[in-house]
Amino acid sequence: MSSATATKSKSGKNLDKETLIQALKLMYQARKADDREIMMKRQNKVFFQISGAGHECPQIAASMHLKGGHDWFFPYYRDRALCLGLGVTLLEMFQASVGAEVDPASAGRQMPSHWGSQALNIVSASSPTGTQFLQSVGCAEAGSYIQDHQDELPELSSQPDEVTLVCTGDGTTSQGEFWEALNTACNLKAPVIFLVEDNGYAISVPVDAQTAGGSISGLVDGWPNLHHQEVDGCDFAACYDAFADAVAHCRKRKGPALIHAHVIRPYSHSMSDDASNYRPAAEREAEAGKDPIDRLSARLIEKKYLTQEELKSLCKQWQQEVTDAAEEAESYPQPDVSKVYENVYSPEVDPTSDEFSTEADPQGEKPTTMVDLINRCLHDEMGRDMRIRVFGEDVADATHAEVLEECKGKGGVFKATLGLQSAHGSDRCFNSPLAEANIVGRAIGMAVRGLKPVVEIQFFDYIWPAFHQLRNELATMRWRSGGAFKAPAVVRVPIGGYLRGGGPYHSQSGEVLFTHTPGVRVVFPSNAEDANGLLRTAIRSDDPVMFLEHKHLYRQTHNKSHDPGSEFCIPFGKAKIVREGSDLTVITYGALVHRSMQAAKEIEKESGAQVEILDLRSLSPYDWDAISESVKKTSKVIVAHEDTLSWGYGAEIVSRISDELFEWLDGPVRRVGATDTFVGYAPQLEEATLPNAEKLAEAMRSLLGY
Ligand SMILES: Cc1ncc(C[n+]2csc(CCOP(=O)(O)OP(=O)(O)O)c2C)c(N)n1
Ligand SMILES: [Mg+2]
């Protein structure tokens, strides 16, 4: 264990003068920084304020046992004192307050108190309460994985004794992800400290209305491998000792720890709240008597480490540093507006570039299916890149590898991941709990550490528990941190219907929920070769990718291909003309590519008209040049997709065609999509719902005749 991070041997009660004065300084300056920010908000110099007042004690204790740049941190908005203790400067804090471009936490993109520091391993905090928990578990897992494979991952770093700290309020422990994270951390013995800063309220809702029995401590008793301790969060010595024990437990890899610290909230929830509306005066006054800064000051005087005069003079000096930093920060400008697009995607790796355009090098005698070529790509890439970890529900061959002596192995409900565990090891392909947010949240924590999680959500229909993580975390990480952090995970998802019996919960599409989310790439292949090449690009790119695999296309014969070889990539944003024509363009993707081909053949037979079919292959980005060229050639266009018609992918493309290609059109721009309903189980219902070759042919006929 390095001396820099060794848990301090002294107990909280016997701390020396210097340590106590340093603790008081940090607590005092954190409080005064909040006060200054409140003043600046009133002066309209900052635009949001939420304070950490009353929460300082456990945070400073944590900062004294952990080390920025060595351990990892997932703070929440009240953790100003923690961040100050770890080394974020007052100037940096006020740069965030004024929304300055130089703000190292977010480049002026996030509200103040959304902490982040690349140098200190403080991972960019977001606003949703509770999303930090699963990410912190993934981060801790990544640390261990990097340790285990350090020789093969020389570009990544972790520490043998590192600990991940994740912080939360009491109310936020009501989020399901808290329990998911605690469950997984205990199960994996992950070195994560959960600090619950219990101020008794979540905005206006008291803790007894949130938590059974009114205390999180009562609920975490008896969890396997969990060290937990309840502590007076206004007593510095008690907090110091609690962290000493928790950190030691985690550094020794005995499991996670939970510290439940009772703190106070002397100010209202935020400057948009007035606690007197729901907290009686007597309650607020009683709380004020527990102020941790007053208590630590009194202790220093009592121990005769400081006189009243010395304390007064130190406070004046500490206050001056706060004032100076705030005044200096005011001179920093807000971000240049031209930079708003920066860091939506990787500025370094461009998956649309020619670098990702390679020739196929066909392997093997026979063409094979889409699911096989997805599996081959995963095998190839795992062999080439140790950063890749594949996990999800049922994706492993067998959780207990020894059963594979007798059993064939599962390898995913569609067998897309079959054999990955056996070939590459149980720490590279493994089963997650049955919890979708768990999969994506942990993937984000791992990706932040430089790993490349390639995870599977078993069915698109069940992606919704993970949507919060996907939309608010995965997609935003790079942008919201001004490029300081990124989460380039690949999320593979079987999607779509045509199963004859899939019903409403095994047939869903819904790709637009993701194309409508900046920061993620969305890919939707229609055939085996494209799936292989696009998945390789997804893995080698540096952006989060939603890789949508139509499960009805997994084992068709019409879309088989030879294995295109282990270096085959297809750039994103490049459509493929799968049928040339001069009379009408169909823009489509996924399962409608084949159906459109069938319809086009029918139309040719009937009237000789030539329909051009464009397979978009990737939906975000999409190939506007190819669309534009084809529409200029044919002057008639249909956008066809399997998903429900209204508010769908077609609406966007049609709108842009109407806007930019109006002069070239010889007819209305049409759409074909599913009925605005769910997909029924009875095959007759499914047929009536989803678009098919007949419906496509009818739309083609009608538009050709316009
Ligand atoms: C997912 C989500 N729901 C609601 C909110 C709005 N919100 C912000 S803070 C908060 C209360 C949090 O209470 P607690 O966890 O006790 O933390 P405290 O603010 O008391 O420290 C709420 C409801 C949010 N940011 N995110
Ligand atoms: Mg609270």
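Ala 107 sits in the loop that runs between helix α4 (90-97) and helix α5 (132-148), where helices (H or I, at least four residues) and strands (E, at least two) are DSSP runs numbered from the N terminus. The model is predicted, so local features need pLDDT of at least 70 and side-chain atom pairs pLDDT 80 or more, while totals for chains, interfaces and linings use all residues. Residues are numbered from 1 along each chain as its sequence is written, and chains are lettered from A and ligands numbered from 1 in the order in which they are written.

**Backbone features in loops**

Although Ala 107 is not a glycine, its phi is positive, at about 55°. With 24 C-beta neighbours inside 10 Å, Ala 107 counts as buried (buried means 20 or more other C-beta atoms within 10 Å, exposed 12 or fewer, and partly exposed in between). Ser 635, which is likewise not a glycine, has a positive phi of about 65°; Ser 635 belongs to the loop between α21 and β20 (637-644), and its 17 other C-beta atoms within 10 Å make Ser 635 partly exposed.

Another loop, the one between β14 (545-550) and β15 (561-563), carries Lys 551. Lys 551 counts as buried because it has 25 C-beta neighbours inside 10 Å. When its neighbours within four places in sequence are left aside, Lys 551 is in contact (C-beta atoms within 7 Å) with Phe 414, Pro 494, Ile 495 and Gly 496. From Lys 551 to Asp 208 the separation is 343 residues in sequence and 46 Å in space, taken C-alpha to C-alpha.

**Helices**

Helix α2 (residues 56-65) is largely enclosed by the rest of the structure, because ten of its ten residues are buried. Among them are Glu 56 at one end, His 65 at the other, and Cys 57, Pro 58 and Met 64.

Two packed helices are described by the angle between their axes and the distance between the axes. Here the axes are lines fitted to C-alpha atoms over the stretch in contact, with angles from 0 to 180 degrees between N-to-C directions.

| Helix pair | Axis distance | Angle |
|---|---|---|
| α1 (residues 17-42) and α4 | within 11 Å | roughly 25° |
| α13 (residues 370-384) and α19 (residues 528-540) | 8 Å | about 30° |

Helices α1 and α4 are therefore roughly parallel to each other (under 35 degrees), and α13 and α19 are roughly parallel to each other as well. In the contact of α1 with α4, Gln 29, Ala 33, Glu 37 and Met 40 of α1 meet Leu 90, Met 93 and Ser 97 of α4, and this set comprises four nonpolar, two polar and one charged residues (Asp, Glu, Lys and Arg are charged; Ala, Val, Leu, Ile, Met, Phe, Trp, Tyr, Cys and Pro nonpolar; the others, Gly among them, polar). Between α13 and α19, the residues that meet include Leu 373, Arg 376 and Glu 381 in α13 and Asn 532, Leu 535 and Arg 536 in α19, and the contact as a whole divides into eight nonpolar, one polar and four charged residues.

Note on methods: Parallel < 35°, antiparallel > 145°, perpendicular 65-115°, else oblique. Contact = placed C-beta atoms within 7 Å.
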